[in-house]
Amino acid sequence: MPAVPSAYWQFGPVRVWQLPHVPGTRGEPQARELLAAQLGGSAQNLPLTRDERGRPWLIGALARYGTGWSHSGGHLLVALGEQVRLGVDLERQRPRVHMRQVIRRFFHPAEIDWLDALDTAAREHWFFRVWCVKEALLKAHGHGISFGLHKLRFAPDAAGALQLVWCDPGLGQASRWQLHEWQAADDFRAALAWYPL
């Protein structure tokens, strides 16, 4: 098992680490090792459980922490924050043959109009960014993409940062959500969504 990296991204109360990952393997064993190193104790005794939808939760004395992880290709992201509920996503950017069909089938109508009006390169750029923040937020919510990608709407602000401009009331108030997105590696987009508890 590789050593826990000392470098991490800090977004408000949340830290996100990036580790090398063996494609095709589960991320939880590495996440447990990292979380145990940060919180104390052993990976085997870490009070980590999953709910009926598979969302990870720290319980007992560590219940004040939110955590989550995502892996793609040879990378794993692990997030940890105190007094927050969070979700993290990592997506490999690669050509998608059916990207327009995915957008039209699953995205919010205003997002469809916005993305359809772009040229191919711009559409691909924004598609990955929007998909990644949607997944991160829906992971934080706990239902994942089965809740419906069309039930939240993102749009870029004047500086080019994605903003949650509307969401289904089941996701809470759009203004409560904090979003951060970045280029985690050359071909990988990352996104973090969290709100305070």
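F127 and W131 sit together in helix α4 (residues 120-141), 4 residues apart, or about one turn of the helix. The model here is a predicted one. A search of the whole structure turns up 9 aromatic pairs. For F127 and W131, the ring centres are 5.9 Å apart and the planes meet at 35°, so this pair counts as tilted. The cut-off matters for that label: planes have to be under 30 degrees apart to count as stacked and over 60 to count as edge-to-face.

On the α3 side, the residues involved are E111, W114, L115 and D116, and they meet R123, W126, F127, V130 and K134 of α4. Sorted by class, this contact has 5 nonpolar and 4 charged residues, with no polar ones.

What about the other neighbour of α3? Helix α2 (residues 99-106) and helix α3 (residues 109-116) have axes that come within 8 Å and cross at roughly 155°. That crossing angle makes α2 roughly antiparallel to α3. R100, I103 and R104 from α2 make the contact with I112, L115 and D116 from α3.

The largest pocket has a volume of about 350 Å³. It is lined by 20 residues, and those closest to its centre are R50, G54, P56, W69 and K139. Two elements give two or more residues to this lining, namely β5 (65-72) and β7 (84-92). The largest share, 5 residues, comes from β5. By class, the lining of the largest pocket is made up of 10 polar, 6 charged and 4 nonpolar residues.

Note on methods: Residues numbered from 1 in each chain as written. Predicted model: local features only at pLDDT ≥ 70, side-chain atom pairs only at ≥ 80, totals over all residues. Heavy atoms only, no water. Axes fitted to C-alpha atoms, helices over the stretch in contact; angles between N-to-C directions. Parallel < 35°, antiparallel > 145°, perpendicular 65-115°, else oblique. Contact = heavy atoms within 4.5 Å. 1 Å grid on protein atoms, 1.4 Å probe; cavity = no way out; pocket = protein on both sides within 12 Å on 5 of 7 lines; lining within 4 Å. Points joined across faces, edges and corners; volume = space filled by probe spheres on them. Nonpolar A, V, L, I, M, F, W, Y, C, P; charged D, E, K, R; others polar. Phe/Tyr/Trp six-rings, centres within 6.5 Å; stacked < 30°, edge-to-face > 60°.
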